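Please take me through this model stop by stop, saying what to select next in the viewer and what is to be found there.

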Amino acid sequence: MSDQDLQAYQPPKLPNVKKIKFSDVWAALLAGLRDFQKAPLLGMVFGGVYVVGGMLIMAALTIYDMPWMIIPVATAFPLIGPFVAVGTYEVSRRLAANEPLVWREIFFLILGQRERQLGWMAFVLLFILWIWIYQIRLLIALFLGFKSFSSIGAFVGMVVTTPEGLGFFVVGTLVGAGISFSLYAATVVAMPLLMVRDIDFVSAIIVSFKSVRENFWPMIGFGLVVGVLTLLAMLPAFFGLLVVLPVLGHATWHLYIRVVEQS
């Protein structure tokens, strides 16, 4: 780039971040539930992607004799939720604008995101996911050695009944919490922002982190609700995700509307 180009370059103008309260988080969650009730079948289609994906992951790990990886992978699996949640964002946007919910248009919009900046976020999510998985493998090697576990029950028994297992659980939880927070802060606003605005993914991540920083406790509260509800929804063989994930996707859109100033 020449000196003239550098002088002419103007950094992208980032949208302003607004202050919110816990009442805004609650309102976003209720709005998400109402949107799901208005289009439950579409929501369950999006949630069904994760139900099927979760079952396939569990089956694959069991077949390849790696039951000890089920817990970290199952925990990490929903962390990529915001990418597929683009469909719920579009449904909420159309409901607010009184536009028809045309299935073909919504799914084409989701597929079209791979050619926009939102597609790059998939690489960011994949990178963080691999960090998550490899740090679990590293901690298992450090705390539990290179032992093999015949079942997930044997692995859980080792974790909760031995000092080494408890050390692995505590350190793994702290490290996992840090990785989860980074992923949440990078995506909670960036995903809907990239869907509706012509902005690069790095700028969207900056806005997302700024949104969390400027509204730390309300955003942390929303993140805790997302984490707890998602984990509870996974307990009955992932079937709870049919409802919980689309509701949270709709709620994320409404939170974005409250946090980011709309042009």
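**First stop: a loop proline**

Begin by selecting Pro-15, which counts as buried because its relative accessibility is 10% (buried means under 20% relative accessible area, exposed over 50% and partly exposed in between, with a 1.4 Å probe and protein chains only). This is a predicted model, in which local features need pLDDT of at least 70 and side-chain atom pairs count only at pLDDT 80 or more, while totals for chains, interfaces and linings use all residues. Residues are numbered from 1 along each chain as its sequence is written, and side-chain values use heavy atoms, with hydrogens and water left out.

Pro-15 sits in the loop between helix 1 (3-8) and helix 2 (22-38), where helices (H or I, at least four residues) and strands (E, at least two) are DSSP runs numbered from the N terminus. Show its surroundings next: leaving aside neighbours within four places in sequence, Pro-15 is in contact (heavy atoms within 4.5 Å) with Leu-193, Arg-197, Ile-199, Val-207, Val-260 and Glu-261.

**Second stop: helix 14**

Select residues 241-259, which form helix 14; its 19 residues reach 26 Å from the first C-alpha to the last, close to the 27 Å expected at 1.5 Å a residue (the expected span is 1.5 Å times one less than the number of residues). How many of its 19 residues are buried? The count is 15, and helix 14 is thus mostly covered.

Move to residues 86-96, helix 6, where Glu-90 and Arg-94 lie four residues apart, about one turn of the helix. They form a salt bridge whose closest N and O atoms are 2.7 Å apart. Glu-90 counts as buried at 2% relative accessibility, and Arg-94 counts as buried at 7%. Extending the selection to Arg-93, Glu-99 and Glu-105 brings in the other members of a network of salt bridges that links them with Glu-90 and Arg-94.

The structure holds six aromatic pairs (rings of Phe, Tyr and Trp, the last by its six-membered ring, with centres within 6.5 Å; planes under 30 degrees apart count as stacked, over 60 as edge-to-face and the rest as tilted). Phe-181 and Phe-216 form one that is tilted, at 6.4 Å centre to centre and 55° between the planes. This pair links helix 10 (residues 163-187), which holds Phe-181, to helix 13 (residues 216-234), which holds Phe-216, the two being 35 residues apart. Finally, select Phe-46, Trp-103 and Phe-107, which ring pairs link into a cluster.

Notes: Salt bridge = Lys/Arg side-chain N within 4 Å of Asp/Glu carboxyl O.
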